[in-house]
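Hello,

Here is the structure I said I would pass on. My notes on it follow below.

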Amino acid sequence: MGALPVFRWRLAPDGYATRRQLRAQGLRPGGQDVAAQLEHPRRRRGPLVAYLYRVDLASPVRPMTPARRAALAKANAARRTCPACRRDAGYVIPTALGTCVPCADQSPNGPDGRTL
């Protein structure tokens with residue numbers, strides 16, 4: 001693969017889009033390689049880079065099937081279930097705590113197991 005064309009931020013020609021822009025149009029890259037990139041220069045660090053895909057080669061987003069919807073609901077429920085008390089916390093449990101907030105507060109050694 002050769003070098004990618006590089007455009008300045010906000011100066012990409014028509015026909016290119018980022019993943020988010022494709023998604024907003026109901027499209028996905030569909031297996032195509034990155035076609036170009038945008039660069040936004042910064043003062044003390046390397047430039048911000050956004051990858052662009054060709055809109056004419058993009059595929060439509062696959063529709064949500066009942067099986068995919070059920071799998072997604074099951075995965076989200078697992079993220080809300082506290083491993084200590086096995087209750088639905090009603091929110092996604094922070095990975096830093098590892099348990100729901102009430103269970104983390106009850107632990108005598110703090111949320112990470114170390115003595116305070």
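**Strand pairing**

L38 stands opposite A50 in β5. This is a predicted model, and the notes below should be read as such.

The strand β5 covers residues 48–54, and it pairs with β4 in the antiparallel sense, over five bridges. On β4, which spans residues 36–40, there is also a parallel pairing with β1 (residues 6–8), made through three bridges. L38 takes part here too: it is the bridge partner in β4 of F7.

**Aromatic pair**

F7 comes up again in the ring contacts. One aromatic pair turns up when the whole structure is searched. The ring centres of F7 and Y16 are 5.9 Å apart and their planes meet at 50 degrees, so this pair is tilted. Y16 has a relative accessibility of 26%, so it counts as partly exposed.

**Salt bridges**

There are two salt bridges in the structure. One joins D56 and R54, with 2.7 Å between the closest N and O atoms. D56 is exposed, at 56% relative accessible area, while R54 is partly exposed, at 33% relative accessibility.

The other joins D88 and R80, where the closest N and O atoms are 3.4 Å apart. R80 is partly exposed, with a relative accessibility of 25%.

Regards

Terms used
Residues are numbered from 1 along each chain as its sequence is written. This is a predicted model: local features need pLDDT of at least 70, side-chain atom pairs count only at pLDDT 80 or more; totals for chains, interfaces and linings use all residues. Side-chain values use heavy atoms; hydrogens and water are left out. Rings of Phe, Tyr and Trp (its six-membered ring) pair if their centres lie within 6.5 Å; planes under 30 degrees apart count as stacked, over 60 as edge-to-face and the rest as tilted. Buried means under 20% relative accessible area, exposed over 50%, partly exposed in between (1.4 Å probe, protein chains only). Two strands pair if DSSP finds at least two bridges between them. Helices (H or I, at least four residues) and strands (E, at least two) are DSSP runs, numbered from the N terminus. A salt bridge is a side-chain nitrogen of Lys or Arg within 4 Å of a carboxyl oxygen of Asp or Glu.
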